[in-house]
Structures are given as structure tokens and as C-alpha cells.
Amino acid sequence: MNAFLHHFAYDFKTGVRDRSRLLMFYLFPLVFFFLLGGLMSAINPTFLAGMVPAMSLFAFMCAALLNLPSVLVTAREAGVFRSYRINGVPAASIVSIPVLGTLVHMAIVSAIIAVAGARVYGAASPTALPGFLSGALLSYAAYAGLGVLIGVVASNGTAAILIAQVIYIPSIILGGLMVPVSMLPGALQKIALLLPATHAMRVMTALGGVGSAAAAPPVPWGSAAVLGAGTVLSLGLAALLFQWDSRASQPGGRKMALAILAAAPYVAAALLG
Amino acid sequence: MEESVISVRGFRKRYGAAVAVKDLSFDVKRGEIFALLGPNGSGKTSTLESLEGLRHPDGGQLSVAGIDPARQPRRLARLIGVQLQTSALPPAMTVDEAMRFFAAYHGVAEQPALVERLGLAEKRSAQYARLSVGQQRRLALAIAVCHQPRVLFLDEPTAGLDVQSRVDLHGMVRELRDRGTTVILATHDMAEAEKLADRAGILLNGELAAIGSPRQLTASGARRTRISVSTENGRLLEPGTRVGGAPLARSEEGYAVYYSDDPGRTVTSILAWLDQAGDALVDLRVERPTLEERFLEITTGGRA
């Protein structure tokens with residue numbers, strides 16, 4: 001088994017072994033799914049139409065946006081990256097392996113949500129599985145890119161959490177997970193276009209043929225392009241700004257200013273949409 | 001001429017306006033244990049970390065096994081082993097996983113015997129966060145040597161280790177040296193440096209203040225050999241006593257203490273004097289200046 005596979009296998013196992021990752025990958029999203037499923041299916045049956053993509057996206061955000069930055073910042077601050085560097089572990093592995101390991105966990109969580117959502121609550125299942133998987137992959141990649149970028153630029157764990165919350169909380173409220181974006185007031189609909197969640201919900205719902213989109217799914221290529229561009233930009237900036245050592249970090253203001261460029265596709269979508 | 005494995009020429013390192021190392025030059029030969037000594041802030045860690053490829057020099061040339069550390073860090077990583085003073089592994093990584101993980105990145109097979117040799121056999125399944133500081137340092141050493149590096153960097157290798165572990169580690173470092181590994185060691189433990197190192201360099205304010213074998217370094221100091229003598233009747237302690245031209249320096253817990261540049265002659269004179277004075281020797285100790293004394297002499301300008 002080569003080094004990359006050893007590293008990947010270790011990272012995947014840690015997703016279950018490490019309590020904080022276990023919480024963010026499985027416990028928190030699944031408990032939220034079961035609680036919200038019970039509540040929303042009783043008070044708002046239309047929620048069930050988009051429940052599977054919404055709850056999958058919620059899990060992606062917990063794992064990629066809340067957990068990934070902490071993993072990277074904590075490891076850098078503790079000196080783990082220094083140990084990696086002197087032993088020849090490439091930066092690309094340090095950044096990509098947690099993203100890939102988390103992806104496998106998210107595939108498992110999404111499968112649980114899709115099966116349990118349909119069986120327990122009667123939620124609409126994706127009618128086009130390849131399309132749904134493609135949309136989910138793109139959505140996860142967009143959030144994972146942002147998570148990695150936050151992990152690279154945040155000066156410490158507290159800063160990482162605060163920056164992540166700036167995206168996470170509006171995504172939950174305005175991103176179409178609880179209430180369709182079309183039901184929001186006009187100004188909030190504009191603001192919602194700044195959020196990856198809005199585009200992710202459009203793409204996952206349409207490509208997966210979920211709920212009302214099952215009949216004649218209009219393909220939201222614009223949102224797919226925004227997510228794709230956002231992923232490429234955030235991962236590219238993360239590679240550019242990556243630091244092995246907290247002590248050798250660049251000035252925080254410059255890093256942050258560059259990192260904000262990752263929002264460009266979402267800003268463009270809000271201005272043009 | 002012996003092969004130089006580490007070459008430092010006019011090395012400079014600064015952090016903002018602060019100059020950490022200025023125009024440092026020295027060589028370390030193949031199969032040599034070289035100790036880099038100095039007080040905190042003397043530039044030891046900057047020098048080591050630049051040689052390890054963790055920092056970029058601001059001037060001068062560095063070469064480790066023929067490689068420029070700043071330009072080819074990946075290639076360098078295959079040739080060197082490093083036990084850093086401040087580093088860590090992921091908290092949930094077990095000892096076995098760590099050995100597999102880093103062996104894989106170094107492109108070598110696992111080394112179960114190494115884990116056993118370093119007293120970690122019973123901790124194979126223990127996670128890094130649950131190891132004691134000493135066990136963590138031993139694991140770091142096992143990782144550092146698992147690929148049989150040509151150059152081994154040890155930064156405070158015995159910090160946090162118990163006496164037996166220190167002895168074991170010293171034995172292991174000597175074995176590596178005997179197999180041709182070049183070892184560069186940074187330590188605050190002068191006794192360790194004196195015991196282990198073939199040569200040592202003392203850094204002071206980013207400059208090389210002294211370099212040589214521990215014996216050469218101690219011999220070059222102003223300190224003389226200390227001779228302490230205890231006798232049955234304490235005749236040497238009587239005021240005004242002079243033996244072979246050496247005055248009594250002081251009395252200390254019943255011992256008469258002398259300092260001499262020619263300890264052989266002074267000891268012979270003391271024994272002859274005691275014989276003549278009808279006193280008998282109880283204990284005699286001859287202590288040459290230690291590396292620690294020489295180090296303090298250099299770093300405090302003789303104030304110690």
C-alpha cells in the first residue's frame with residue numbers, strides 16, 4: 001500500500017475514532033435530521049419534497065465547514081504539519097486527504113439520510129441517482145474548498161470557527177434548506193445567492209430529480225458553474241496560502257484579503273441573478 | 001580528507017529587524033556526532049531548522065548531504081531524520097499507525113524491531129495523545145531513524161526521558177554514528193554533549209564562539225584542574241599551608257581544594273607533603289574542567 005493510501009486509510013479511520021469528528025460527521029447531522037424530520041413533516045409537509053438534499057447538504061456543511069478548518073488549524077498549531085514536512089509528506093496530501101476522507105463519510109451519511117428519509121418520513125427520493133450524486137459531489141466540493149481555505153487562513157481555532165459561522169448560519173437560514181429560497185422576500189433572495197447552499201440546493205434538487213423537480217428538471221447550469229468556480233478558486237487560494245508552520249505565517253490581513261477572492265463567483269451570481 | 005556531510009558557509013537568518021544568526025560557518029563530517037550548544041536565543045534552532053529545510057536562510061550557503069535544504073526539501077526528507085524539539089503527531093494516531101504512515105512516506109518497510117528497541121512495544125495500539133512525554137519523544141526518534149537516514153538531527157533528544165531511556169538513547173545514537181550516520185545534536189545538557197559528541201560548536205548571539213572536541217574546548221578555557229584532598233588529621237587545612245607551590249584555594253566540607261595547571265605534579269607534591277607531615281590520605285579527587293564550566297565561561301564572559 002503506498003503512502004497516499006496509508007494516509008487516506010488513517011484519515012478515514014480517524015473520522016470514527018476521533019470524538020469531535022464523529023460528532024460532526026455523524027451524530028450532529030443525523031440527530032438533527034431525525035429531530036427536524038419529525039418536526040417539519042408534521043408542520044410543513046412540503047419540506048419532505050426537499051428533505052434528502054437539504055439534510056445531506058446540512059451534513060456536508062457540518063463536516064466541511066465546521067470540522068475541516070478546525071482539523072487543519074489544530075494540526076498546524078500543534079506542529080503536526082512540521083512533523084509531516086520533515087518526513088516528506090506533501091502539502092497536497094495534507095490538504096486533499098481530509099477532503100477525500102470526509103467525502104467517504106458524507107457518502108455514508110447521505111445514504112442513511114436518503115434511505116431513512118424515505119422509509120421513516122416518506123421524504124421524496126432522488127429519481128436520477130447519478131444526477132443527485134453529481135450534484136451532491138459538486139456541493140460537497142464547494143463547501144470542502146471553503147473549509148480548507150478557512151483552515152489555511154485562520155490564525156487560530158477560534159478565528160476558524162468564527163469565519164465558518166459567517167457562512168454556516170446564513171446558509172442554514174437562507175440557503176433553501178428549511179424554506180425554499182423562492183418563498184423569501186426579494187432582497188433576501190438576492191442575499192441568498194451569495195451562499196453556496198442556495199446553489200447547492202438548486203443543483204442537487206434539479207440534477208437528482210427530487211420532489212417537484214422530478215417531473216421536468218430544469219438544469220441550473222449557472223448554479224453548477226458558480227459552485228465549480230467557487231471550488232476551484234477556494235482550493236487554488238488554499239494551495240497558494242498554505243503554511244506549514246503557524247510561526248512562519250504571512251500577515252493575517254493579506255491572507256484574509258486574498259482568501260475573500262473565493263467569494264467572487266457567489267458575488268457575481270448575486271449581482272447577475 | 002574526511003567527507004563533509006553538512007556544510008554551513010556564511011549563513012545568516014533574521015526575523016524582521018532581529019538578527020538570529022550572522023555569518024555562521026562550520027562543517028560536520030560523515031559519521032560524526034556534532035553538538036550545537038548555546039543559550040536560549042543563540043541561533044541554535046534557527047540553524048538546525050534551516051538545515052532541516054523548515055526555514056529559508058537570508059544569506060550564505062547550506063548543504064546537507066550535497067542538497068540545498070531550501071531548494072530541495074522533498075529530496076532532503078529522504079536523506080535526513082529529524083527529532084524536532086516542538087512537533088507533534090495527530091492525537092488519535094497510534095504508535096503502529098505512525099510507524100506505518102511515516103515508513104510509507106519514506107518508501108521503506110515497517111521497522112517493528114525499532115519500536116521494541118525504544119521500549120514502545122507495549123504501546124503499539126496507544127494513541128499519541130495518551131503517551132507520556134518521554135514515550136512521545138521516543139516515538140519521534142523511532143520515526144526519525146526508521147529509514148536509516150544519512151544525517152540525523154536531534155533537538156533536545158533526552159528532554160523528558162528517564163535515566164534508563166537516556167542511556168538507551170545515547171547507546172542508539174552511538175550505534176548510528178558507528179554505522180556512518182552523521183548526527184547533529186542541539187542540547188542544553190552539557191553532560192550529554194560532553195559524553196556523546198565528537199565535536200561541539202558553541203553559539204553565542206548568532207555567532208560561533210568556540211568549536212572543537214569537548215576535550216579541546218575544555219582545555220582552551222581559563223579554568224584549571226580542581227584537586228580536592230581529604231586527610232586523617234586535616235593538616236592540609238591548616239592556614240598558610242603551601243604544597244608544591246600551589247596555595248590552598250579553599251576548604252570545602254573537610255576537603256582542601258587546590259587548582260592547578262599541572263595536576264600530575266601537584267598530586268605528587270601533595271602525597272609527598274602528607275608523608276613528610278605524618279598525615280594520611282583519606283580521599284583524593286581530580287576533576288578537570290567540564291564542558292559546562294567552559295560553556296558558562298564563554299556565554300557569561302567568565303562571570304560564572
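## A residue in focus

Ser96(A) and Ala144(A) are separated by 48 residues in sequence, and their C-alpha atoms are 9.7 Å apart.

## Basis of the model

The model is predicted: local features need pLDDT of at least 70 and side-chain atom pairs pLDDT 80 or more, while totals for chains, interfaces and linings use all residues. Residues are numbered from 1 along each chain as its sequence is written, and chains are lettered from A and ligands numbered from 1 in the order in which they are written.

## Overall fold

Chain A contains twelve helices and zero strands (DSSP runs numbered from the N terminus: H or I of at least four residues for helices, E of at least two for strands). Buried residues account for 49% of its 273 residues. The C-alpha trace of chain A spans about 55 × 40 × 30 Å along its principal axes.

## The nonpolar core

The largest nonpolar core has 154 residues, and Leu57(A) and Leu149(A) are among those touching the most other members (a core is a set of buried Ala, Val, Leu, Ile, Met, Phe, Trp, Tyr and Cys residues joined through C-beta atoms within 7 Å). Helix 3 (residues 51-78) of chain A gives the most to this core, with 19 residues.

Definitions and conventions. A residue is buried if 20 or more other C-beta atoms lie within 10 Å of its own, exposed if 12 or fewer, and partly exposed in between; C-beta atoms are placed from the backbone.
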